[in-house]
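Visitor: I would like to go through this entry and ask what stands behind each label.
Guide: Go ahead.

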Amino acid sequence: MDLKTFTARVAVEFEFENEDTNIGPSTEFKQLESWSSMLALILIATLNDEYGVLLSESDLKTIETIEQLYDKVVASKSD
Amino acid sequence: MAEVKVNGISIKGISAAIPKNEVFNADYIHLSEKEKSRIIRTIGINSRREAPSNVTAGDLCEAAASKLLETLGWEKEEISILVLVTQTPDYITPCTATVLQDRLGLPTSCLAFDINLGCSAYPYGLSVVMSMLNSMPGGKGLLLVGDKSSHLVSSEDKSTALIFSDAGSATAIENDGKGHGIVFQGYSDGSGAASLIVKGGGCKYPVNEESLNKFTVSEGITRHELNLEMNGLNIYNFSIKQVVPTIKSFLEDLEITVEQVDYFIFHQANKIINSSMQKMLRIKDEQMVLSLDKFGNTSSASIPVTIVDQLGDRITKDSSVLLLSGFGVGLSWGNALIRTDSLPYIPIIEV
């Protein structure tokens, strides 16, 4: 896993909401119009199913960008 | 860990009743088409059942129990236990089980009581009735589980309105000295109580003149104090972090593998939770039994409803090993291993 493939994978979920969304590592995803509690749940489930990392609601509160999300997943995997 | 092991007790039959009134999530009017289709795809629920105002969880359980007793040809005088597990009783008091003892024509020598549990109801209920019957050779008991969740849900709350559904069920259990009984392990974590809760209406926050005032929590989530509220993210985390490891350790304690279980019947929470659990436990599609798409999350009744609807004609001939896992409101969860042996086929009943 690298940041580029991770960003592309996560972007799929945001683009499903709005195909004009342009997601990059620096995107502050919680500021997007499409961000919702449902999307948060989908994101958490995707990270659990595909990367084996379970993040909590409080984890999400401290993360702003896709790159920070990636870093959290990498750190959690190495724990 | 709390474990119950009982031998020599048999499940003789299972029946389920749902309201005739079918509601389609595609017809939900409080969301945009796009958001609605994403939610439906994520939760995996296309239609649900909603009971009319004059039909209660007790009525649904009564219909299921009447049909079950008629099919089995049990004499009512022989029944000594009636346990109802519900979170939507007909009255605040008395308990609904005693009311149903009379309505079902059961003798006054039959003990009857309610248990207040939801998603974990069925494995808990089986363990309670089987444990009691264990000291009554030849004894017969009925376990009823059911809920009218539509009574609690706000139609303007997208986090619950498209998920919950109404149903009741009945299970006939007998101490025949021959059955495989049950192995059950139960757990609780009240620190998560607020993740799935109806705050108002009890003694902590009694009903008052403001109880029915609606308030908006966020876009698409409007409810009042007597409605059910759910934090879906917390429930997902709970299911993955706390429930899945206990299913793994349960299998280890039983010294059996996933492959040796014929069917896994989990509480029908929603697709995103049940799919993640299936992947983590490496359960094959043909072992994972689901009824979510057409009946939604029927709370306490979701496991027996799924058995009756999806396995009803498959467990009539042979002996099957079933692993049940009920998890959710409380937070409460329990895992049970049971073996069914040539159960009568009773198609799901519409009330």
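Visitor: Which residue does L323(B) stand opposite in strand 14 of chain B?
Guide: L323(B) faces L337(B) there. This is a predicted model, in which local features need pLDDT of at least 70, side-chain atom pairs count only at pLDDT 80 or more, and totals for chains, interfaces and linings use all residues. Residues are numbered from 1 along each chain as its sequence is written, while chains are lettered from A and ligands numbered from 1 in the order in which they are written.

Visitor: What makes strand 13 of chain B and strand 14 (residues 332-341) of chain B a pair?
Guide: Two strands pair if DSSP finds at least two bridges between them. These two have 10 bridges, in the antiparallel sense, so they meet the definition. Their hairpin has 3 residues between the strands, and G330(B) takes a positive phi near 145° in it.

Visitor: How many bridges join strand 12 (residues 263-266) of chain B to strand 13 of chain B?
Guide: There are 4, and the two strands run parallel. F266(B) has S325(B) as its bridge partner in strand 13 of chain B.

Visitor: Why is strand 13 (residues 319-328) of chain B called largely enclosed by the rest of the structure?
Guide: Because 7 of its 10 residues are buried. A residue is buried if 20 or more other C-beta atoms lie within 10 Å of its own, exposed if 12 or fewer, and partly exposed in between, with C-beta atoms placed from the backbone.

Visitor: Which residues of helix 3 (residues 96-103) of chain B are buried?
Guide: They are T96(B), A97(B), L100(B) and Q101(B). They cover an arc of only 145° around the axis, which puts them on the same side of helix 3 of chain B; the arc is that of the directions from the helix axis to the C-beta atoms. The buried residues of this helix pack against helix 2 (57-72), strand 4 (79-85), strand 5 (111-115) and strand 6 (140-147) of chain B. After helix 3 of chain B comes G105(B), with a positive phi near 75°.

Visitor: What makes the radius of gyration of chain B agree with that of a compact globule?
Guide: With 351 residues, such a globule would have a value near 20 Å, and chain B has 19 Å, so the two agree. The radius is taken over C-alpha atoms, and the globule rule is 2.2 Å times the number of residues to the power 0.38.

Definitions and conventions
Two residues are in contact if their C-beta atoms, placed from the backbone, lie within 7 Å.
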